[in-house]
Amino acid sequence: MTILAAFSASRHSSAPLHLATQIARATGEKVVATAVVERPWPPRLDGVEEQYLGHVTAQATEALERAVDLLPRDVEIAQVVHQSTSIPTGLLELAETNRASLVAVGSSSAGLLGRVALGSVTERLVHTAQLPVAIAPRGYAQNSGRIRRLTAAYGGEADVNGLIPAAAALAGKWSATLRIVSFTVRNVAAFRGTIESTAEDLVVQQWARRTHDDIVKQLTEIRARTAVPDVDVAIGSGHDWNEAVESVQWDTRDMLLLGSGAAAQAAQVFLGSAAGRILRHAPVPVMIVPRYQG
């Protein structure tokens, strides 16, 4: 198995390469660094088009080689420049050809530095891919370490689709610790003057206890079927999604796991509405996990 890392030759974004090497140190897999060159469709079989594609492919190859040369040498990295009708299609073609376990992509250049933002390529991948999609925050820098902790976001359809057992399996494979976090957003401004702060705190505390008990119950059931590593459980709360996500402690070698939403088909990723809100405020790489089939 390999890890497919998508390099953007036009934006010279190496963030996916940095993330892929971090993951590879945990899994022992080879990284396939790739740049996809879009070819016109339908094709025009003439010399002008062939000359243009040759020129663009040569530029992409040179840019990819420069980016890979700057990466650490402790991970095996192959390089591929691939022509396809679109970048998402090309990445999925390469994922199948190279038997990829996941594909690592970057964030939109329009997003905030250090945060995850979906662009046209990632938006399509997180709704169509049949393998995990790992997204590096914008500007994600080179790190000599590896991913050491996986944080699974508990709640909603992600649980029905098996995020916790999938996260447990990944934690075992990556030799990473596992944490399960449930996020709650309480919009006090909408009810200002009608809810006392003490009553609000009591409701949140009761919700937190119930959620904690639900997680422990699910973990007990999973442990009866398969090996589950030691798990930390945390609750993130705030007046908005940003505050809720930031209320949880994050480390530079963390990765947030989000489950696929209700519309996801079996073994396919599909970003749900709640997951999309959490993703936009995550200060660490995020991976969208397909429905668990174990």
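Biologist: Why is Thr21 called buried?
Modeller: Keep in mind that this is a predicted model. Thr21 has a relative accessible area of 3%, and buried means under 20%, so Thr21 counts as buried.

Biologist: Where is Thr21, and which residues is Thr21 in contact with, leaving aside neighbours within four places in sequence?
Modeller: Thr21 sits in helix α1, residues 15-27. Beyond those neighbours, Thr21 is in contact with Val31, Leu71, Val75 and Ile77.

Biologist: Why is α3 called oblique to α4?
Modeller: Helix α3 (residues 87-97) and helix α4 (residues 120-128) pack at an angle of about 50 degrees, their axes 9 Å apart. Roughly parallel needs under 35 degrees and roughly perpendicular 65 to 115, so α3 is oblique to α4. Residues making the contact include Ile87 and Leu91 of α3 and Val121 and Leu125 of α4.

Biologist: Which residues have the most contacts inside the largest nonpolar core?
Modeller: That core has 48 residues, and Leu19, Ile23, Leu150, Trp174, Met255, Leu257 and Met287 have the most contacts inside it. Helix α6 (residues 163-174) gives the largest share, eight residues. Apart from this core lies another, of 34 residues, among them Leu4, Val105, Val133 and Val245.

Definitions and conventions. Residues numbered from 1 in each chain as written. Predicted model: local features only at pLDDT ≥ 70, side-chain atom pairs only at ≥ 80, totals over all residues. Heavy atoms only, no water. Core = buried A, V, L, I, M, F, W, Y, C linked by side-chain atoms within 4.5 Å. Buried < 20%, exposed > 50% of the residue type's maximum accessible area, 1.4 Å probe, protein only. Helix = DSSP H or I, 4+ residues; strand = E, 2+ residues; numbered from the N terminus. Contact = heavy atoms within 4.5 Å. Axes fitted to C-alpha atoms, helices over the stretch in contact; angles between N-to-C directions. Parallel < 35°, antiparallel > 145°, perpendicular 65-115°, else oblique.
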